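Dear colleague,

Please find the structure below, handed over for your own work. My notes on what was found in it follow.

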Amino acid sequence: MKKHIDHFLEWILALLLGVMVLDVFWGVITRYILDSQSSWTDELARFLLIWLSILGAAYASGKKLHIAIDLLPQYLNERNQKILDIVITVIVLLFGIAVFLIGGLRYVYISFALGQTSPALNLPIGFVYMVLPISGLCIMYYKLLDLFIIIKNLKNGN
Amino acid sequence: MEISILVLSFLILISIRVPVAWSLGISALLTLLVSVDTYPALTTIAQRIVTGLDSFSILAIPFFILAGHIMNKGGIAERLIDFAKALVGSLPGGLAHVNIVAAMLFGAIAGSAGAAAAAIGGFMSDKMEESGYDKGFGVAVNVTSATTGLVIPPSNIFIIYSVASGGVSIGALFLAGYLPGILTGLLLMMVAYIWAKRKGYPTADRSSLKNVLRTFVRALPSLFLLIVVIGGIVAGIFTATEASSIAVLYCLVLAAVYREVSFKNIRPILVESSSTIAIVMLLIAMSMAMSWVLSYENIPQAVTEALLGLSDNKIMVLILINIILLIVGIFMDMTPAVLIFTPIFLPVTTALGIDPVHFGIIMVLNLCIGLCTPPVGAVLFIGIGVARTTIQKVVRPLLPLFLAMIISLILVSLFPELSLWLPRLFGF
C-alpha cells in the first residue's frame, strides 16, 4: 500500500515539476518571440509550486527526509530512542491533522464560500488550497503507519 | 510571554529531533494560540504556509535545485576540477587550492553549498589523502570553500533574502556577491597556503599555458551558464525565475551533449529533485509562517527599539547583529535564519543608513560560517560524509579557516564598497 502511494506521489511530483519548467520557459518564449506574454504562465507556475511543495512535504515526510538535528537522542538507549520516535511521530501527526487537514479544509471552505477566483486563469482559488487537506491525509497515513511499525518493533524487542 | 513560548517550544522540539520545518510550524502555531482561538489559529497558519509559497521569485529556487541535480549527473564537476588544477595546482598545497577554486566555481554554478561540498569533496578527498594530505584538513578546506558558492552568484539564498526583505533587487544582490565571495575564497587560500607550507605538503609542476587553455575550453560550456544567467538578469533581459528555467534547459542540453543524461533518466532526476525541492520548500513555508507570527506579535519593532536603545552607532549595531547572527547560525539552517531574521534586523540597519543590498551580503556571509559548525552545519556533515571521516579530525584545521571567514566578514561589514561597487557600476 505504502509503495503504491509513494509511487503515485512520485509520478505526480515529477509531472508538476516538469510542467512548471515548461510553463515558465513558455512565458519567456511568448514574451520574446511571440512578443506578447501570456498572462496565465506566472499564475499557473505559482499554483504548481504550491502543489509541488505541499504534496512533496507529505512525500518527504513519508520517506523521513525532512532535516532533523541529532543532539539529545544519541545519548538514549535503544528502547528510549523508540519511545522518543513515538513522541516525534505523534507530534508531526497532530500538526499534520490540525493545520494541514483541519486548518486546510477550513481555508478551502472559506475560499469557496467567498467565491474567490484567480485573476488570469479564472480558477476558483479553493482548488489550489485543496492540496493542504490532501497532503494532510497523506501525512496522517504515513505517520500512523510509522507509529504502527515502531510499536510493533518495540513489542518484539521485549 | 509569547516570545518565550516561541523560543522555548522551538528549542525543545528541535533538540528532541522533530524535523526543523515541523518545529518551526508547531512553535508558530503554539505562539499564535496564546492570543487567537483554536480554529482561526489553525486556518491562519494553513493560510500563511500557502501564501508564503505563493511568489514568482521563489519559483527560481526549485529550478536552480533541479539544474543542480542535472549538473551532478553531467560530468561538470570533473571539468571544473581539471580547470582549477591547471590554474592553481602548482601552488604549495596545490590540491587544497584546486578544491577551493573548483568549489567556488561549482558552488556558483549550482547555487548550493551542499551540492558543491558533495561533488567536489567526493572527487578531491581521496586524491588529497593519496598525496599525503591530512584528511581532516581536506574536509575543512572543502566545506568552508563550498560556502563561497552561496555568496558568488547565482545563489538561491539571495533570492530568499530578496523575498524576505520585501523585494531588494535580485540582480543587485547577485552582483554584490562577487567581490565578497572571491575575497573569502582568497583568504581561505591564504590559510591553506600557510598550513601547507608548515606541513610540507607536495606541490605539483606548473601547468603550461596550453594546458590551462585546453581545460578552460572543456569547462567553458559550464561556465557559460553563469554568463547566460547573470548576464540575462543584470541586463534585465529576464527575471531570476525565468533565468533559472533557462538554466534547467541549458543543463539538460549540456548533459545530453556530454551523453551523461538521456531521455530515459529524466524521470528519476525529476523525482529526486522534487524531494529535495519539497524539503527546502517546506522549510521556507514554515519559516514564512513563523516570520508572520513574529511580526503579528510586533517582535521586529521591539527588537529595533531595543537595539537602537543600546546604541545608534552604525558600527556598534552591525557588530551586535553580526554576533547574534553567528550564534543563530550555529543553531539554525541558513534558509530559515534568513527568512526569520531579515524582517527583524533590516528595519534597524535601514534606519541607520545601511544599504539593504550590503546588509544581505553581510547576513549571508555571516550565516555561511554556521553551515560549517556542529550541531546543525549541513555542509560540514555532507563534507564529512563524502570523505568518510569523523568530526573530531576536522575541528582543528577548521579553526584557522573560520578565522579567514570572520576576517572576510569584518572587511565586508566595514567596507560597503566591497559589496556595492559592482552593482553601482551596472546602474543598480
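**A buried alanine and its surroundings**

B:A196 is buried, with a relative accessible area of 1% (buried means under 20% relative accessible area, exposed over 50%, partly exposed in between, with a 1.4 Å probe and protein chains only). This is a predicted model, in which local features need pLDDT of at least 70 and side-chain atom pairs count only at pLDDT 80 or more, while totals for chains, interfaces and linings use all residues. Residues are numbered from 1 along each chain as its sequence is written, chains are lettered from A and ligands numbered from 1 in the order in which they are written, and side-chain values use heavy atoms, with hydrogens and water left out.

B:A196 lies in helix α10 (residues 170-199) of chain B; helices (H or I, at least four residues) and strands (E, at least two) are DSSP runs, numbered from the N terminus. Setting aside neighbours within four places in sequence, B:A196 is in contact with B:P92, B:G93 and B:Y201, contact meaning heavy atoms within 4.5 Å. Between B:A196 and B:G236 there are 40 residues of separation in sequence and 44 Å in space, C-alpha to C-alpha.

**Helix α9 of chain B**

Helix α9 (residues 156-164) of chain B is largely enclosed by the rest of the structure, because eight of its nine residues are buried. Among them are B:F158, B:I159 and B:Y161. The buried residues of α9(B) pack against α4, α8 (135-151), α10, α13, α16 (334-351) and α17 (356-370) of chain B. Just after α9(B), B:G166 has a positive phi of about 80°.

**The interface with chain A**

The contact involves 55 residues from chain B and 57 residues from chain A. About 5000 Å² is buried between chain B and chain A, and carbon and sulfur atoms give 79% of that area; buried area is the accessible area (1.4 Å probe) that two parts lose on being put together, summed over both. In chain B, the residues that lose the most area to chain A are B:R17, B:W22 and B:R267, together 15% of what that side buries.

The rule finds three salt bridges across this interface, each a side-chain nitrogen of Lys or Arg within 4 Å of a carboxyl oxygen of Asp or Glu. B:R17 forms a salt bridge with A:D85, with the closest N and O atoms 2.3 Å apart.

**Confidence**

Chain B has a mean pLDDT of 90, and 100% of its residues reach 70 or more; pLDDT is the predictor's confidence in each residue, from 0 to 100. For the complex, the predictor gives an ipTM of 0.94 and a pTM of 0.89.

With kind regards
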